[in-house]
Amino acid sequence: MKNIIKIALAGNPNSGKTTLFNILTGSNQSVGNWPGVTVEKKEGMLKGNKGVIITDLPGIYSLSPYSLEEVVARNYLVNERPDAILNVIDGTSLERSLYLTTQLVELGIPVVIAVNMSDVIKKNGDTIDIPGLESELGVKIAEISALKETGIEDAAEKAISAANGKNSIPRHSFRGSVEHALAHIEEAALHDMPLERQRWYAIKLFERDTRVSDLLNIPRDKLSHIESDISRCEKELDDDAESIIINERYSYIESLLEKYYIKAKKGPSISEKIDRVVTNRFLALPIFALVMFIVYYVSVTTVGTLLTDFTSETVFGEWISPFLEKSLTSAGVSNFLVLLIVDGIIGGVGAVLSFVPQMMILFMFLAFLESCGYMSRIAFIMDRIFRRFGLSGKSFIPMLVGTGCTVPGIMATRTIENLRDRRMTIMTTPFMPCGAKLPVIALIAGAMFGGAWWLAPSAYFLGLLIVGISGIILKKTKMFEGEPAAFVLELPDYRLPSVSNILRSMWERSFSFIKKAGSVILIASVGIWFLSQFGFEKGTFGLVSMEDSLLASLGGGLAKVFAPLGWGDWKASVATLNGLVAKENIVSTFGVLYGEDYKTALIAAYTPLSAFSFLVFNLLCAPCVAAIGATRREMSDWKWTLFAVSYQTAIAYSVSLLVYQYGMFFAGETNKYGFIAAVVLSVIFLYMLLRPGKRKVVL
Amino acid sequence: MKTLTLKDISPGQTVKIGKVTGEGAIRRRIMDMGITKGVSVTVRKTAPLGDPIEITVRGYELSLRKADAEMILLES
């Protein structure tokens, strides 16, 4: 027995590895129904057995890596050599899943197969001859359902005993001429190697993987000997070495399935029927627009608002604040401290917390969208449009994830193989309104626009519009020019997500907001309150009126910068600056600075136009520090990060300026300089949009 | 006569694949996904704006662009 056993979960994207990982380790990683949910490997202890470490790897289709998350998985398997691989395969898509299996068994690491979705296989009436497959492949197989949590223990036990057993020697074989060449290669160059690893290296050499031949340091005469074997085989089969191996793997699997798998014949599947409507030529785009409209309309305007008004007005306004004020005062707490708690903490943190119901509704919708299988369809529908903007349909998934939170959105860009596309998606994902911007939208919609139904969905479509414009502008620059990347994407079957998964995901994300409210936002609110109470008056430092405070002079400087956007007042400037810490801070800052009745105060302080311009700026400008950090991590370069953040802020400033100055023009209150600036900016934008690119994007 | 490619096939039709042309990562990706010599592929539909297409191959649904489908020759 080994002291610590390492078991890696490997398999195709979207085969259910993370769901299985969560059950095995009792942790709470997020799961979804689109390829590429897991982009980094994660480790956890097997529940009830501390000696076993489970590693959840990103999904891969093959061991020849394309995208970043595939590299992570491959490097782990080849370099770290876990004690066993638990190969999770989607039982409803055996043929493609087993393709990876034939590569995994060649690594010489013991493999156990977990056939997932065994419940669906049974329901469909399909049968798999498990003992037959086991003996052909030379590996143990467990039938599981990660969703229904059946067969899990069996899979874990089989993996542990495999890890303690001997290394497996791959058993599958290809056609005679290929085996002949492989045998020659093994004999010529690999006979010193452990038996179980020879096949992997022989195949790599056959595929002319130069990294492997350099690594093995094979003498030149042997290499040319091998080369003649390869070209003889290529000539005989009239194909290149790489294709020959791929073809052989698939024909081997076909022969297996012919013997051991019976698929019940049936009519169109439920997924096909859904897709007849959802990806229909005429209905697809309207349905997509409707879905996004409903998500924002319901979470911000209807159900969300009812709950939010209740929390902010009744719970905080009528219950908590007066209660605290009364009890603290009667307990003899100094007036200063009462003000700090009621105005600073409750004012700021309470303002943010009161939006939690709206966020919960939004997160519930997103969790459903992510796990039902609609995401890949959106990529399918939107690819053509996104390609016009120099992005791929795959860029859309990070953006949709980004409407929950920008950080995982930026992380999700790892499924994009092409570096240019990936960078551009990282730069533009923050334009989508994230969950933390929701309170800001809701605040402006509620206070300034009488709860107008169109404001929240329009924030979403404004984000999309700016993404598109950015795509066109950036694609014409030297940095981003070039052919659009390929788009090969699996469309998984629709699945009805389990209620517990949705609730878990909703709770996880909401809870992280609540935690943030108790930490970052609390500190920021207290800080803002102090800065708004103290200042210099006649040369001495002390309590002053808010207009003379330190904060007012700080914000006053910034306000000049924002004046052309129509909201050059120190409070809004401070709120914007504070939004860089966390976007909810914008709301908490207003809560502290304008007091309990901040909604009424806002109406008095701003016009709808300036409030809208304020909203536009804050939706588009540099994201919060956490998202800037994620940008830095994924770009792994400070220059690109700086460029991204400056670009976002410049776009935000320009668009707000256009909105405000043209708005004033149509209202008949033109400001001469502002209007000229807006016209100049428009000309620049038009030029950037219409100028011919260095290379025509092929449409 | 020009060799037919997967791009020329209209929705609803099932065809057998001949060879995958082109080179490098994208070609390998297409083959890794199961589009190999002799496999039968059904073209399901075209996306609302004319591109990409959706196909059924080896029992699952895959979407790819017409530009990539053009690299996939049919069995003659």
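I will start with an open sheet of six strands, paired antiparallel in the order 9(A)-4(B)-3(B)-2(B)-1(B)-5(B). Strands here are DSSP runs of E with at least two residues, helices are runs of H or I with at least four, and both are numbered from the N terminus. Two strands count as paired if DSSP finds at least two bridges between them.

This is a predicted model, in which local features need pLDDT of at least 70, side-chain atom pairs count only at pLDDT 80 or more, and totals for chains, interfaces and linings use all residues. Residues are numbered from 1 along each chain as its sequence is written, and chains are lettered from A and ligands numbered from 1 in the order in which they are written.

Next comes strand 3 (residues 53-57) of chain B, joined to strand 4 of chain B by five antiparallel bridges. B:Glu54 stands opposite B:Ser63, and B:Ile53 is the bridge partner of B:Leu64. The hairpin of these two strands has two residues between them, and B:Arg58 takes a positive phi near 50°. Is strand 3 of chain B enclosed or open? Four of its five residues are buried, so strand 3 of chain B is largely enclosed by the rest of the structure. Buried means that 20 or more other C-beta atoms, placed from the backbone, lie within 10 Å of the residue's own; exposed means 12 or fewer, with partly exposed in between.

On its other pairing, strand 3 of chain B meets strand 2 (residues 40-46) of chain B through five antiparallel bridges. B:Thr46 is opposite B:Ile53 there. Six residues separate strands 2 and 3 of chain B in their hairpin, and B:Gly50 in the turn has a positive phi of about 95°.

Now the contact between the chains. It takes 28 residues from chain A and 28 residues from chain B, a contact being two C-beta atoms, placed from the backbone, within 7 Å. On the chain A side, at least two residues each come from helix 3 (94-104), helix 11 (241-260), helix 13 (284-301), helix 17 (374-388) and strand 9 (488-491). Helix 17 of chain A lies across strand 9 of chain A and strands 3 and 4 of chain B, at about 140° to strand 9 of chain A.

Last, chain A as a whole. Chain A has 32 helices and eleven strands. Its radius of gyration, taken over C-alpha atoms, is 30 Å, close to the 27 Å from the globule rule for 699 residues, so chain A is as compact as a globular protein of that length; the rule is 2.2 Å times the number of residues to the power 0.38. Of those 699 residues, 50% count as buried.

Key: Axes fitted to C-alpha atoms, helices over the stretch in contact; angles between N-to-C directions.
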